[in-house]
Amino acid sequence: MTRAFNFSAGPATLPEPVLKQAAAEMLDWHGSGQSVMEMSHRGKDFMGIRNQAEADLRELLAIPANYKVLFLQGGATLQFEMIPINLLRGKPAADYVYTGVWAGKAIREARPFCQVKVIASSEDRNFSYAPPQSSWKPNQDAAYVHYTANETIGGVEYHWIPDTGNVPLVCDMSSNILSKPVDVSKYGLIYAGAQKNIGPAGLAIVIVRDDLIGHAVPTPPTMLDYKIHADHDSMFNTPPTYGIYIAGLVFQWLKQQGGLAVMEQKNIEKAKLLYGFLDQSRFFRNLVKKQDRSRMNIPFTLKDEALNEEFLKQARARGLQQLKGHSSVGGMRASIYNAMPLAGVKTLVNYMQEFEARFG
Ligand code: PMP
């Protein structure tokens, strides 16, 4: 068996020990005689798995007691709608920061529910930076301020937390959650699809401050009301049980690694290695403003685009998979989430060096 170094943006590579443990427990979880996939979600075994997963996530992110953790479905995309449905609280408008494809989708989905005010944007320079807070123009009547902590396609990441005073800060953390410690108390709501740093697709995690729950628009669809999910411990309907189980194993793995401060150092080291190479190369480049570069998703281009296919083909032959950039921007993208080992980034950089020496 050979496992590739998988640079996919999501679903993305998972920690190997997690996959091995899941494999070992597949047919018989802890002597229960069944797979986690086959268990009742209301039985003692699964409740234990779910509660442990939540406890470990709370510990990793130091989530304060006045926040609920919800395990939902519908991906981060459903949150683009659930957020205005639940957080407008009778107000007419919400503020959004427009930094690329994902912020743009959040904006588009919120428009039917409220006046969406784009209070800052990086469109002027092709979404290559995070607009500094000094350029934001917040509105008095905004129910919340939404931003995208890491633009997975553009490779732009905020390395700071906006200060929105009393207006709840709402954050799409899909592609950088758990990559570093975060002060959760600065947020009204954090959400993330699981399929990058958490676990398998099909699960979305929402961390929401208690006082923001229970103010949905009149007669919201039941499944889109945070209060319903909070009141039922995310068990209003059958939750994505296997996804929660794997997420729980990933949380345990993160704790074994030493927690999020350790992960941050590892992520800095991996990102430095790749950006360091890109910055001295005369063949490859990354166009994101240096201080806003993502540690998770690193897009880069080749000087000669005609070599893109050759680059990908030779990469695959070396076990370097899924480096093709998103179709909307072209070029390449290396996604190097928590589970990508340093060895994967080293192998990629060595390959890029050789490729440049030969074709550059
Ligand atoms: N936000 C960000 C930042 C993302 O990267 C993605 C998925 N790539 C989404 C939202 C949408 O997530 P999902 O496909 O889980 O709905």
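**The ligand site and its surroundings**

A: Over residues 5-348 the chain is 32% helix and 18% strand, with its end C-alpha atoms 9 Å apart. The model is a predicted one. An unreviewed UniProt entry places the feature "domain: Aminotransferase class V" at residues 5-348.

Start with the shell of the ligand. The residues around the ligand are G10, G75, A76, T77, W102, T148, T152, D172, S174, S175 and G193. By class, two of the shell residues are nonpolar, eight are polar and one is charged. Helix α3, residues 75-87, gives three residues, the largest share of the shell.

The unreviewed UniProt entry has the feature "modified residue: N6-(pyridoxal phosphate)lysine" at K196. K196 lies in the loop that connects β9 (189-193) with β10. With 30 other C-beta atoms within 10 Å, K196 counts as buried, because 20 or more are needed for that. Leaving out residues up to four places away in sequence, K196 touches G10, A12, S174, S175 and Y337. Among the residues around the ligand are G10, S174 and S175.

The peptide bond from G10 to P11 is cis, and its omega is near -10°. P11 sits in the loop between β1 (5-6) and α1 (16-24).

Now the sheet. Strands β9 and β10 belong to an open sheet of seven strands, in the order β2-β10-β9-β8-β5-β3-β4, with mixed pairing. At its edges are β2 (67-72) and β4 (115-121), each of which pairs on one side only. On average, neighbouring strands of this sheet are turned by 20° against each other, direction ignored. The pairing of β2 with β10 (residues 204-209) is antiparallel and has six bridges. Within this pair, L70 stands opposite V206 of β10.

Helix α4, residues 101-110, lies across β3 (93-98), β4, β5 (142-148) and β8 (169-172), and runs at about 160° to β3. W102, within the span of α4, is one of the residues around the ligand. T148 in β5 and D172 in β8 are also among those residues.

The loop between β4 and β5 holds F127. Its phi is near 55°, a positive value in a residue other than glycine. F127 is buried, since 22 other C-beta atoms lie within 10 Å and 20 or more are required. D233 is found in the loop between α5 (226-231) and α6 (241-257). Here the count is 16 other C-beta atoms within 10 Å, so D233 is partly exposed, between the limits of 12 and 20.

Another pair of strands remains. Strand β12 (residues 297-302) and β14 run antiparallel and are joined by four bridges. F300 has M332 as its bridge partner in β14. In a regular strand the side chains alternate between the two faces of the sheet. In strand β14, residues 332-335, both faces are covered: M332 and A334 on one side, and R333 and S335 on the other, are all buried.

Terms used
Residues numbered from 1 in each chain as written. Predicted model: local features only at pLDDT ≥ 70, side-chain atom pairs only at ≥ 80, totals over all residues. UniProt positions renumbered as here; feature names shortened; annotations may be inferred. Helix = DSSP H or I, 4+ residues; strand = E, 2+ residues; numbered from the N terminus. Pairing = 2+ DSSP bridges. Axes fitted to C-alpha atoms, helices over the stretch in contact; angles between N-to-C directions. Contact = placed C-beta atoms within 7 Å. Near = placed C-beta within 6 Å. Nonpolar A, V, L, I, M, F, W, Y, C, P; charged D, E, K, R; others polar.
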